[in-house]
Amino acid sequence: MKGTSPLGHGRAAGREAAAPARLERAQLVARPRGEVFAFFADPRNLERITPPFLRFRITTPGPIEMRPGALIDYRLRLYGVPVRWRTRIESFEPERSFIDVQVRGPYRRWRHRHDFLDAAGGTEVRDVVEYETPLGPVGALARRLFVARSLERIFDFRRQAVAEIFGPGSRTA
């Protein structure tokens with residue numbers, strides 16, 4: 001078929017998408033895994049660990065039951081522009097991990113895996129975010145110029161907020 005890749009995925013040959021960008025973070029939280037997981041598994045706590053400049057708000061009426069297939073709606077501002085974002089919980093393993101994926105929002109693709117591991121002195125919280133920006137080459141340029149840096153800033157804030165919430169002994173792993 002004309003205009004598709006040899007694999008039939010609908011992209012013209014030579015115009016395959018670049019590999020997703022990846023952000024990885026790890027943090028030791030000086031509390032038991034069950035307590036730490038419960039905090040992160042409550043979507044309302046996301047507002048507490050998101051920087052104020054995003055004006056982030058959950059718009060899904062609560063309480064929100066975390067389970068595979070659960071949908072969560074947010075409102076925020078990216079670079080001053082109002083954005084609606086919807087994620088779906090792809091997997092949920094109590095006290096171990098969960099994955100949220102973007103259904104609608106600013107990214108072409110967003111997949112955020114949260115892992116919780118027993119560690120000496122508490123719980124290691126690991127985040128792995130794989131994302132792609134929209135708009136082809138323009139989006140790739142935006143990612144290199146400011147999107148990646150902005151995500152680093154957001155996760156830096158998150159690390160500090162989590163350390164303050166859970167107290168002494170919490171640090172970057």
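## Basis

This is a predicted model, in which local features need pLDDT of at least 70, side-chain atom pairs count only at pLDDT 80 or more, and totals for chains, interfaces and linings use all residues. Residues are numbered from 1 along each chain as its sequence is written, and side-chain values use heavy atoms, with hydrogens and water left out.

## Aromatic pairs

Across the whole structure there are twelve aromatic pairs, a pair being rings of Phe, Tyr or Trp (its six-membered ring) with centres within 6.5 Å, stacked if the planes are under 30 degrees apart, edge-to-face if over 60 and tilted otherwise. Phe37 and Phe116 have ring centres 5.0 Å apart and planes at 80°, so this pair is edge-to-face. Because Phe37 belongs to helix H1 (residues 33-40) and Phe116 to strand E6 (residues 109-119), the contact ties together parts 79 residues apart in sequence; helices (H or I, at least four residues) and strands (E, at least two) are DSSP runs numbered from the N terminus.

Phe37 and Phe116 are both buried, meaning under 20% relative accessible area with a 1.4 Å probe, protein chains only. Phe92 and Phe98 form a tilted pair, 6.2 Å centre to centre with 40° between the planes; Phe92 counts as buried at 19% relative accessibility, as does Phe98 at 4%. One aromatic cluster is formed by Phe37, Phe39, Phe40, Phe92, Phe98, Phe116 and Phe166.

## Largest cavity

Residues lining the largest cavity include Phe40, Phe155 and Val162, where lining residues have an atom within 4 Å of a point on a 1 Å grid at which a 1.4 Å probe fits but cannot get out. Helix H2 gives the most to this lining, with four residues.

Conventions. Buried < 20%, exposed > 50% of the residue type's maximum accessible area, 1.4 Å probe, protein only. 1 Å grid on protein atoms, 1.4 Å probe; cavity = no way out; pocket = protein on both sides within 12 Å on 5 of 7 lines; lining within 4 Å.
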